[in-house]
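Please look at the structure shown here with its charged side chains in mind. The paragraphs that follow consider how such side chains pair.

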Amino acid sequence: MFASRVLTPHPSRYLIALSALAFIAPAVQAVPATRLAPVEVTEHEESTALVKLAPDRTPVAGASTGELLRRLPGGAINSNGPLSGTVQYRGMYGDRVAVRVNGLPISSGGPGGMDPPLHYAPMPLLDHIELRRGIAPVSDGSEVFGGHVDAKLISSSFTDSREFQSQGRLNLSGQTANDGYGVGTVLGLANDRHRLHVLAAREDADDAESALGNIHPTEYERNAYGVGYGFRHEGHEFALDYLRNETDNAGTPALPMDIKLFDTDIVSGHYRGQLGALELRGQAYFTQVDHVMSNFHLRQPPPTAAAFRTALAESQGAGFAFDGGRALASGFLRIGVDGHWAEHDTDIVNPNAAAFFVQNYNDVRRQRQSLFGEWRATLAPQWSYESGLRYTRVQAQSGLVDASPAQAGPGGPRVLRDRFNSSDRDVVDHNVDAVVKLIHQASDDLQVELGLASKTRAPSYQERFLWLPLESTGGLADRHNYVGNINLDPETSYEVELGLDWQGNKVRIAPRAFYKRVNDYIQGVPVVDPVVIAVSTANGDPNPLQFANVDAEFFGIDSDFEVELAQRWRLDGTLSYVRGKRRDIDDNLYRIAPLNGRVTLSYEREHWSAHAETQASVRQGKVSASNQETATGGYGVFNLYGDYRFASGLSLSAGVSNLFDHAARDHLNGYNRVRDSDVPFGERLPGVGRNVFVRANYRW
């Protein structure tokens with residue numbers, strides 16, 4: 001403990017150093033260098049840069065794919081459990097960020113956010129994760145309101161030969177913080193026309209240890225397996241994939257229940273082709289999620305038998321997307337359509353009382369259909385622009401609901417049930433998105449981009465149809481009961497962004513400043529309805545919140561940078577800052593990441609590399625009074641790791657994260673809801689303590 005105090009200065013010092021590096025870096029002059037950076041920045045077919053990060057050369061250990069986003073500019077993760085991390089980007093989280101797995105928008109099955117989309121991208125099967133920096137183009141999909149993230153799984157690939165060749169990858173990992181391990185493999189056979197593969201993964205871990213002791217329950221068990229086939233011929237390529245995910249006994253200590261099981265099937269088909277001058281893309285998909293959770297099988301049971309709860313949830317999703325692009329004399333035009341349909345049902349029961357039930361969500365349906373057009377063109381030799389327009393129709397419906405407490409007498413539950421059932425539970429929103437970007441290649445070293453956008457998002461099914469005050473909130477984890485609001489308006493944002501990408505002989509830096517003004521932002525506000533307050537008080541929260549439209553704004557800056565200090569020595573990192581405020585009242589927005597950053601010093605040889613890094617976050621004191629959010633102190637942690645790459649295709653990596661076993665509490669971690677834990681009840685969950693990890697990756 002003494003060593004930790006001596007070697008861990010105040011985190012603000014790290015952020016000052018990070019800020020200085022971000023703005024001093026352009027002054028460094030030198031000769032070109034060959035980089036082996038773990039972050040690859042490429043130009044997508046649209047103007048906005050796509051940042052990619054692979055897991056095989058990072059100090060991230062464990063099962064949460066979302067932890068990789070902490071290493072990218074503007075990226076963060078709201079953590080409620082080891083497999084329940086919700087993506088945050090520039091202060092936006094939940095349904096506001098379009099998170100895809102292999103390009104698919106997966107309909108989560110847990111109404112409390114236990115299985116956000118990255119739950120279905122197991123780390124042993126992950127090839128890389130992509131973050132679209134800044135304003136996403138309209139071609140990225142409908143309701144891409146606050147950012148776009150895509151997790152790409154390992155797959156087979158076509159070859160250049162008629163002869164079939166075997167290919168594959170094997171990933172093994174282990175870590176000490178939770179005695180966990182992961183194993184994943186993809187076995188494939190391919191030639192220039194056909195590719196076929198099977199894949200499988202298993203992950204298992206006990207409760208994690210922090211500097212404060214045991215974090216209970218954070219154990220998990222997850223298995224995944226699947227098969228894929230692809231065919232290409234004369235400019236046309238088809239693919240069909242199936243993935244099965246089975247999660248058992250996974251803790252979510254920030255939520256009122258834990259995962260008992262997720263059984264999920266994902267089927268998808270993809271097409272890409274060339275028809276004359278047309279570039280065509282298409283996909284169709286289906287998902288089925290069966291989910292069981294309880295408040296007693298992993299954590300200390302409630303004190304009375306009447307408080308035992310098991311929730312059974314089922315979700316289905318299906319959709320399609322198709323678009324075509326064509327190069328014209330003056331630019332490139334892309335036009336497309338897409339649709340997504342989801343159904344949700346959730347019932348709460350008591351295993352000790354057969355008559356008890358609550359229809360939390362019954363026959364809830366959310367459907368959207370959308371069409372877009374996008375145009376990219378060159379204005380002058382050094383100037384280009386991109387513009388896009390998208391229209392989306394969103395329809396949300398709910399069936400009749402009921403609950404045994406509502407049948408027992410004339411009390412509050414009956415009033416809320418009858419009020420909900422007599423309302424118009426069929427709502428249609430018509431939303432329009434518009435994006436304009438201007439890109440100037442000021443010199444060979446500097447690109448400047450100005451972006452303007454108006455984006456929309458219709459309310460989620462939880463925000464509309466949560467009729468009884470409960471914590472079924474898509475992962476907010478603020479210890480409040482919520483009720484929905486059928487009459488919510490869609491969120492509308494107006495955003496401006498200025499980005500620079502400067503590439504010198506020895507330095508690269510890419511800062512982006514942004515401002516986003518959001519009208520009708522959906523936020524919990526204190527309930528004034530005495531019936532709701534009475535029912536919520538009986539359910540443990542005398543201060544419930546209701547989803548409502550408010551006015552908000554976000555502004556900030558984020559950057560990544562890279563500097564070659566000398567031959568074989570490299571420094572890279574990120575800096576991220578966002579401020580989220582209410583505009584209608586003097587308050588801050590809930591669960592917003594504070595100023596944070598990372599600096600990594602690397603020494604790289606042809607076959608091996610070694611890295612020392614610090615990750616730091618300042619204190620977050622700008623918290624939401626409406627959510628009774630508590631401030632969080634800053635922290636700094638140190639990581640050491642390295643890797644060796646053999647010519648045979650085998651690579652080994654090992655390291656230690658949180659070297660000095662610091663009791664770091666990230667502001668985006670949820671609050672502990674479990675009594676039988678070394679973490680005090682009601683306090684923010686800490687990160688894991690000192691963690692030694694090893695990984696092996698073999699590909700052929």
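Asp643 and Arg645 form a salt bridge, with 2.3 Å between their closest N and O atoms. The term salt bridge denotes a side-chain nitrogen of Lys or Arg within 4 Å of a carboxyl oxygen of Asp or Glu. Side chains of opposite charge can pair when their charged atoms come close. Asp643 has a relative accessible area of 9% and is buried (buried means under 20% relative accessible area, exposed over 50%, partly exposed in between, with a 1.4 Å probe and protein chains only).

The model is predicted: local features need pLDDT of at least 70 and side-chain atom pairs count only at pLDDT 80 or more, while totals for chains, interfaces and linings use all residues. Residues are numbered from 1 along each chain as its sequence is written, and side-chain values use heavy atoms, with hydrogens and water left out.

Across the whole structure, a search finds 45 salt bridges. One of them joins the side chains of Glu143 and Arg368, at 3.0 Å from N to O. Glu143 lies in the loop between strand 7 (126-132) and strand 8 (148-153), and Arg368 in strand 20 (residues 353-380), so this pair ties together parts that are 225 residues apart in sequence. Strands (E, at least two residues) are DSSP runs, numbered from the N terminus. Glu143 and Arg368 are both buried.

A further salt bridge connects Arg512 with Glu449, whose closest N and O atoms are 3.9 Å apart. Arg512 belongs to strand 26 (residues 507-526) and Glu449 to strand 23 (residues 446-457), so that distant parts of the chain, 63 residues apart, are linked. Both Arg512 and Glu449 are buried. These two residues also take part in a network of salt bridges, whose members include Arg90, Arg133, Glu497 and Arg508.

Key. Helices (H or I, at least four residues) and strands (E, at least two) are DSSP runs, numbered from the N terminus.
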